[in-house]
Amino acid sequence: MTTGRGTTPAPGGGGTTPGPAHRAAVPPGAGAQPATPSPQHPHSHPRPRPADRRPPGRTPRRPARLLDRLPGAGPLPEAGGSTTARDLAVRRRLLLALSALLTLSLFVSYQGVHGDANALRTSSAPAVLSLDTALYALGQAQRDAGAPAPTSDFQKQISVAAQSLSAAAADDDIGGSGGRQALQTITGLITVYAVKVQQSQLQPNGSVLREAYLSYATSILTEKGSGIQDRLRTLQRQQRAAVHRQTSFGPPLWLSWTVTLLLALALGAALLETQLFLRHRFRRRYNRQLLAALALSAAGVVTAVLFTVWTQQGMTDTRQLLDRPLPGRLIPDAGRDTASYLAHTGFRASAAVWILIGGVLLMALAETGLRRHIDEYRFRPR
C-alpha cells in the first residue's frame with residue numbers, strides 16, 4: 001500500500017503525520033492552544049518589595065497593632081500599599097497625646113505638693129507658733145498675778161499674749177470663721193483677766209476682796225472648756241490638724257506621681273521608637289527635634305521630682321517640729337528652724353507655670369520633628 005502524496009509514515013507504523021506540503025497548507029497558529037503561564041516554582045525568589053511597603057497578609061507586630069488602634073489613625077492601606085504616611089500620622093498623634101497627658105499629670109502632681117507649701121510657710125506654721133507663744137505668756141502672767149503689788153512683768157506677758165493673738169488672727173484660714181470668732185473672744189477675755197488681776201493687786205494683802213478678784217481672774221484663765229487656756233488649746237489642735245493636712249503625702253499624691261512617672265516613661269519610649277523608625281525608614285541618623293523633646297521631658301520630670309522631694313522634706317520636718325508643745329525658750333528657735341525648712345518653697349512653687357510652658361514646647365518639638373516627613377508624603381490628617 002502506498003501512502004498519499006505529501007504524507008510520510010509515522011514512526012512505528014502507527015499512522016501518518018503531515019508532510020512538508022501539508023504543514024505548509026496549515027495556517028500558522030491554526031488549532032494551537034493558548035499558552036498558559038506555568039506556576040511559579042516553589043523555590044523561586046519573589047521580587048524584592050520597597051522598604052516602605054508592608055508585606056501583604058503578614059501579621060503586624062504587637063506595637064504596630066496597638067498603634068493601628070489609636071483613634072484617628074485612619075483606614076489601613078490596601079494590601080501592598082505604602083504605610084509610611086499612616087505610620088507617621090499615628091506616631092504624631094501618639095506623641096502629642098502623651099505630651100499633653102504628661103504635662104497635665106505633672107502639673108497636677110506638682111501643685112498637689114507645692115500648692116500648700118507657701119500657705120504653710122506664711123500662715124499655718126506662724127499661727128501655731130503664735131498660739132504657743134500666747135499660751136506660754138499667759139502661763140508666766142498667772143505666776144506673776146499673785147504678786148503683792150502690780151509688776152511690770154505681768155503687764156509685759158499680757159502684752160506678749162495679745163500681740164501673739166493678733167499675729168495669729170492675721171491668718172484668715174485659722175479655724176475658719178469660728179476660729180476668728182474664738183480669737184476675738186479670747187482677746188476680750190484676756191483684757192478682763194488683766195483688769196481683775198490689777199484690781200486684786202490694788203487691794204490690801206490678805207483681804208477677802210483681793211482673794212475674790214484673784215479667784216475670778218484665775219477662773220477666767222483656767223476654767224475647763226470655757227477658760228482662755230482651753231480655748232487656745234482647741235485652736236492650737238485645729239491649727240496643727242491643718243498643718244498635718246498641708247504636709248501629708250497621702251494615697252492621692254502617690255497615685256498621681258505614679259501615673260506621672262509612667263507617662264514620662266511611655267513618652268520617652270515613644271520618642272525613641274519614633275527616632276528609630278525615622279532612622280530605618282528615611283535613612284537619617286538623628287532627628288534633632290525629637291532628641292530635644294526627649295531631653296526636655298527627661299530634664300523637666302527630674303527637676304520637678306527633685307523640687308518636690310526637697311519641698312516635701314522641709315514640710316515633714318516642719319510638721320515634726322510643730323507637732324508638740326514648745327517651751328517658751330524654744331519658740332524663737334523653732335521659728336528660725338521653720339523658716340530654714342521652708343526656704344525657697346515660694347520659688348519652687350512658682351515653677352509650676354514652667355511645666356505648662358515646657359509642655360507646649362514639648363508638643364511643638366514633636367510636631368515639627370514629624371511634620372517635615374509628613375509633608376514629604378503630602379499626607380493630611382483627617
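**Helix geometry, core packing and salt bridges**

Helix H5 covers residues 152-169. At 1.5 Å a residue, these 18 residues should span 26 Å, and the end C-alpha atoms are 26 Å apart, which agrees. The model is predicted. The buried residues of H5 are Phe154, Gln157, Ile158, Ala161, Ser164, Leu165 and Ala168. Viewed down the helix axis, the buried residues of H5 fall within an arc of 125 degrees, so they line one face of the helix. The face of H5 turned away from this buried side carries the exposed residues Ser152, Gln163 and Ser166.

Alanine 169 also belongs to H5. Its relative accessibility is 35%, so alanine 169 counts as partly exposed; the cut-offs are under 20% for buried and over 50% for exposed. Alanine 169 and glutamine 181 are 12 residues apart along the chain. Their C-alpha atoms are separated by 9.6 Å.

The largest nonpolar core contains 42 residues. Within this core, Leu95, Tyr110 and Leu267 touch the most other members. Several helices supply at least two core residues each: H3 (84-114), H4 (117-145), H9 (251-282), H10, H11 (331-341) and H13 (352-376). H9 gives the most, with nine residues. In soluble globular proteins, nonpolar side chains tend to be buried together.

Valine 309 is located in helix H10, which comprises residues 288-322. The relative accessible area of valine 309 is 47%, so this residue is partly exposed. In contrast to valine 309, which is partly exposed, phenylalanine 307 counts as buried, at 17% relative accessibility. Phenylalanine 307 and alanine 349 are 42 residues apart in sequence. In space, they are 8.8 Å apart, C-alpha to C-alpha.

Another buried position is alanine 217, at 0% relative accessibility. Alanine 217 lies in helix H7, residues 208-222. In sequence, alanine 217 and valine 195 are 22 residues apart. Their C-alpha atoms are 8.4 Å apart in space.

The structure holds six salt bridges. Side chains of opposite charge can pair when their charged atoms come close. One of the six joins glutamate 273 and arginine 91, at 2.8 Å from N to O. This pair links distant parts of the chain, with glutamate 273 in helix H9 and arginine 91 in helix H3, 182 residues apart. Glutamate 273 has a relative accessible area of 35%, so it is partly exposed. Arginine 91 has a relative accessible area of 10%, so it is buried.

Arginine 92 and glutamate 367 also meet in a salt bridge, at 2.8 Å from N to O. Arginine 92 lies in helix H3 and glutamate 367 in helix H13, so the pair ties together parts that are 275 residues apart in sequence. Arginine 92 counts as buried, because its relative accessibility is 16% and the cut-off is under 20%.

Arginine 336 is exposed, with a relative accessible area of 52%. Aspartate 333 counts as partly exposed, at 32% relative accessibility.

The loop between H11 and helix H12 (345-350) contains histidine 344. Histidine 344 has a positive phi of about 70 degrees, although it is not a glycine. With a relative accessible area of 60%, histidine 344 is exposed.

Definitions and conventions. Residues numbered from 1 in each chain as written. Predicted model: local features only at pLDDT ≥ 70, side-chain atom pairs only at ≥ 80, totals over all residues. Heavy atoms only, no water. Helix = DSSP H or I, 4+ residues; strand = E, 2+ residues; numbered from the N terminus. Buried < 20%, exposed > 50% of the residue type's maximum accessible area, 1.4 Å probe, protein only. Expected span 1.5 Å × (residues − 1). Arc of directions from axis to C-beta. Core = buried A, V, L, I, M, F, W, Y, C linked by side-chain atoms within 4.5 Å. Salt bridge = Lys/Arg side-chain N within 4 Å of Asp/Glu carboxyl O.
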